[in-house]
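Biologist: I'm new to this one, could you put it up and walk me through it?
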Amino acid sequence: MSTVIRNKVHTAKKFYECDSCRRQISPGIKYRRIFGSAYASDPLRELKLCGGCTDIKETTGDGHSDIMFAG
Ligand SMILES: [Zn+2]
């Protein structure tokens, strides 16, 4: 059971690395930022996923939705 605290689409302001495929996310590119853990026993951490690893859709409201963790 995964714990997702926050799950939102952001626009990169600098270079990031996708936590799933390790590809570079360039400034201006949308990516998904997730704060949570894959398992309840895992420490909370922030994950960044590129558009190739997760659906990038603009979310409305609080942006919460259930997604599968990639990788
Ligand atoms: Zn990726």
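Modeller: Before I read out the order of elements, a word on terms: helices, of at least four residues, and strands, of at least two, are DSSP runs, numbered from the N terminus. Please keep in mind that this is a predicted model.

Biologist: How do S1 and S4 pair, parallel or antiparallel?
Modeller: Strand S1, which covers residues 3-11, pairs with S4 in the antiparallel sense over 8 bridges, and Thr11 is found opposite Lys30 in S4.

Biologist: And what about S4 and S5?
Modeller: Those two strands also pair in the antiparallel sense, here over 5 bridges, with Gly36 standing opposite Arg45 in S5.

Biologist: Switching topic, which residues make up the largest nonpolar core?
Modeller: That core has 7 residues, namely Cys18, Ile25, Tyr31, Ile34, Leu47, Leu49 and Cys50, and the elements giving two or more residues to this core are strand S4 (30-37) and strand S5 (45-49).

Biologist: Pick Tyr31 then, what does it touch?
Modeller: Leaving aside residues up to four places away in sequence, Tyr31 touches His10, Ala12, Tyr16, Ile25, Lys48, Leu49, Cys50 and Gly51.

Biologist: And how much of the whole chain counts as buried?
Modeller: Of its 71 residues, 14% count as buried; as for contacts between residues at least 6 apart in sequence, 52% of them join residues at least 24 apart.

How values were computed
Residues numbered from 1 in each chain as written. Predicted model: local features only at pLDDT ≥ 70, side-chain atom pairs only at ≥ 80, totals over all residues. Core = buried A, V, L, I, M, F, W, Y, C linked by C-beta atoms within 7 Å. Buried ≥ 20, exposed ≤ 12 C-beta atoms within 10 Å, placed from the backbone. Contact = placed C-beta atoms within 7 Å. Pairing = 2+ DSSP bridges.
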